[in-house]
Every structure is written in C-alpha cells, then in structure tokens.
Amino acid sequence: MKRTIAIFTLIFLVAALAGQQQERPANLSGKPQAEIAGIPCQMEELTSPQFAEAVELSGGVCVIPIGIIEKHATHLPLGTDLFEARASVIRAAEKEYAVVFPPYYVGQIFEAMHQPGTIAYSNDLMWQMLEETCRELSRNGLKKIVLFNGHGGSTYFLNYFCQSQLAARKGYIVVLFQGGPDEAMDRQISSLKKSKLDGHAGEEETSMMYLIRPDLVDTEAMGKESGLNQGRLNAMPHAFAGIHWYARYPNHFAGDVLQTNRELGELLITRDAVQLAELIRYLKNNSTIEELHKEFYNRAEYPLKNN
C-alpha cells in the first residue's frame, strides 16, 4: 500500500513540475516580461518565432511611430520627427511591452515641398499605406493599433483616419495617442526653456535630437536662417488656408532661441513615454473600446431597428 502511495505521489510531482515548466515564470524582478524573455520590442529586430511570442506578450498591441522626411531648419536632420517619435515609443514599450512598428515616414508634408529633401507622398498613397499597414498588422494578430504622431503636419490626416474607422466594420481598432499635461514634468520643462517661440526645429526638437543623436546636430549651422513668424496672412480674417504655414515660416523653421540641452530633451521624451505606457497598459487590460465598436457597428447596420 505504501509503495502504491509513493508511486502516485511521484506521478503527481512529475506532472506538477511539467505543468510549471509550461507556465511562464512569475515576474518578481520588476523588469518588463519581454526583457526577461529576451524578446525585442522593435518589430524589425524580431525573428519570426519571436514575433509570435511578441504578439502574446504585447496583448496584441502595436504602436506605429509616425515621422516624416522634411527640412528641420539648417541644423537638424531630415528625419528628426522619426528619431524623436521612435525614442519615446521604444522607451514606452520598454516600460509596458508592445510591438513597435519599423520606421514609418509616410505622412502629410505638402507645405514643405519647396525645401530640399522633403518627401511628400500623394493623398491616396498616404491613406492606402496606413490602411494596409493596419490591416496586415491585424492579420498577424496585432489588433490594437496605436498611432504615435511625431509630425504636426499629419495631425489632421491622422485624426480623420481614426474617425473613418467607423465607416465599416473591422477586426481591429486604431487609436491616436494624445499626450496630456504632467504637472511635475511640465514645471521642470518650463524652467529649462528659454524660447518664447518654439514651433518647429526649435529648442525642444534640438534638445531631443542632441540627446538621441548628438552627432546629427550641426551646432555650427544653428540659427543661420530666421525662424520668426513672417505674418504674411495676418490681415486675412476668420479663415484657414493650406498656405498658412508657408506664409508664416517659409524657412520651415519656427523658433527664436536654440539650445542643446540634454536634460530638456530627456524630460520631453520621458513625458510622452510615460503617458504612452499608460495607454498601452489600458489597451492590454481593457476591452471597452472593442465592445463599443461592436455595439456601434451592430446598431449602424440596422438604425431603425436598434434605436
């Protein structure tokens, strides 16, 4: 009898140990689970088997950092927006794991076509590229897609793209990250800033790039052109025109003071990263937005019946 009990005990222990091996070990280190598993967050760095695991670790969340190729005054690289967006997104994904899409630079930049190096894609291509990228991500299991916009000129386009997701039922959701105030960080940022005008390639972007890639900041070329508002349409009342940015900043530079302040750059990147990590965590652990989409689509198909 004792021998029988011992055999059953041994069988139970073996089964228990096998089950423990199949389960993911508890994360007691405080580090991101992906870091423990050795899974990169950047999609282009993943092997195909790693990608399958990344989809699971991310809860199906993928962030697309969207930049542009355009002039940034005379001292910053054409890809500044892309560098800055990816820096914040990768840092956020290291805090709360998500898959980070490879460099994406298809956006709206018609207002800078007069400047060397600008790559301005057509409206149709902008839309189709983003639509098909989202569709392909969904097909690969990444069904919660976050757009992180690093370029102000794409804001209207991306807002409309998100709004248009309601036009037809889809198997995925798309949200646009919108950073908000952070009282403590904002206070530190304000204490470090010197400029009164800082709209494009100014002290914020200069400081971020000096943190990310100081080798790409041409400090000797800083301020070679004016970044002041030319105000050439100030007399036109109550209207918006596509030419408005060119009318104000034909040099594609909006700023009055430039500085290379790594501390300022660190705060700016961290502020977005912390808030984006919060959004990623919400999407991984909450299905409200999917439920609302499903409810909306069901009602929209039969509006008279369901209202």
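Where is the place of Ala73? Ala73 sits in the loop between strand E1 (61-66) and H4, where helices (H or I, at least four residues) and strands (E, at least two) are DSSP runs numbered from the N terminus. Before going on, note that this is a predicted model, in which local features need pLDDT of at least 70, side-chain atom pairs count only at pLDDT 80 or more, and totals for chains, interfaces and linings use all residues. Residues are numbered from 1 along each chain as its sequence is written, and side-chain values use heavy atoms, with hydrogens and water left out.

Ala73 has a phi near 55 degrees, a positive value in a residue other than glycine. Most residues other than glycine have a negative phi. At 8% relative accessibility, Ala73 counts as buried; buried means under 20% relative accessible area, exposed over 50%, and partly exposed in between, with a 1.4 Å probe and protein chains only. Ala201 is another case: its phi is positive, about 65 degrees, although it is not a glycine. You'll find Ala201 in the loop between E5 and H8, and it is buried, with a relative accessible area of 0%.

Now for the pocket. How much space lies in the largest pocket? About 1200 Å³, where a volume is the space filled by probe spheres set on the grid points, and points are joined across faces, edges and corners. The grid has a 1 Å spacing and is laid over the protein atoms alone; a pocket is an open set of points where a 1.4 Å probe fits, with protein on both sides within 12 Å along at least five of seven lines, and lining residues have an atom within 4 Å of a point. The lining comes to 39 residues, and Gly150, His151, Gly152, Gly153 and Thr155 lie nearest the centre. Elements that give two or more residues to this lining include strand E3 (144-149), helix H6 (155-163), strand E5 (198-200), helix H8 (203-212) and helix H10 (262-285). By class, the lining has 12 nonpolar, 17 polar and 10 charged residues. Here Ala, Val, Leu, Ile, Met, Phe, Trp, Tyr, Cys and Pro count as nonpolar, Asp, Glu, Lys and Arg as charged, and the others, Gly among them, as polar.

The side chain of Ser154 reaches the backbone nitrogen of Gln108 at 3.1 Å. That is a polar contact, a pair of N or O atoms within 3.5 Å; within protein, one must be able to donate a hydrogen and the other to accept it, and residues adjacent in sequence count only if both atoms are side-chain atoms.

Next, follow H10. This helix has 24 residues and reaches 34 Å from its first C-alpha to its last, close to the 34 Å expected at 1.5 Å a residue; the expected span is 1.5 Å times one less than the number of residues. Among its buried residues are Leu264, Leu267, Leu268, Ile269, Ala273, Leu276, Ile280 and Leu283. At the start of H10, a side-chain oxygen of Asn261 comes to within 3.0 Å of the backbone nitrogen of Glu263. Asn261 itself sits in the loop between strand E6 (254-255) and H10, and is buried at a relative accessible area of 15%. Its C-alpha is 9.6 Å from that of Met209, 52 residues away along the chain.

Two more links involve residues of other elements. Glu96, in the loop between H4 and strand E2 (99-100), is buried, with a relative accessible area of 15%. A polar contact of 2.9 Å joins the side chains of Glu96 and Lys284. Ser190 belongs to helix H7 (residues 183-192) and counts as exposed at 53% relative accessibility.

Finally, the cysteines. How many disulfides are there? The count comes to zero, a disulfide being a pair of cysteine sulfur atoms within 2.5 Å. For Cys62, the closest cysteine sulfur, in Cys134, is 8.6 Å away, so it is too far for a bond. Cys62 is buried, with a relative accessible area of 0%, and Cys41 is buried at 9%.
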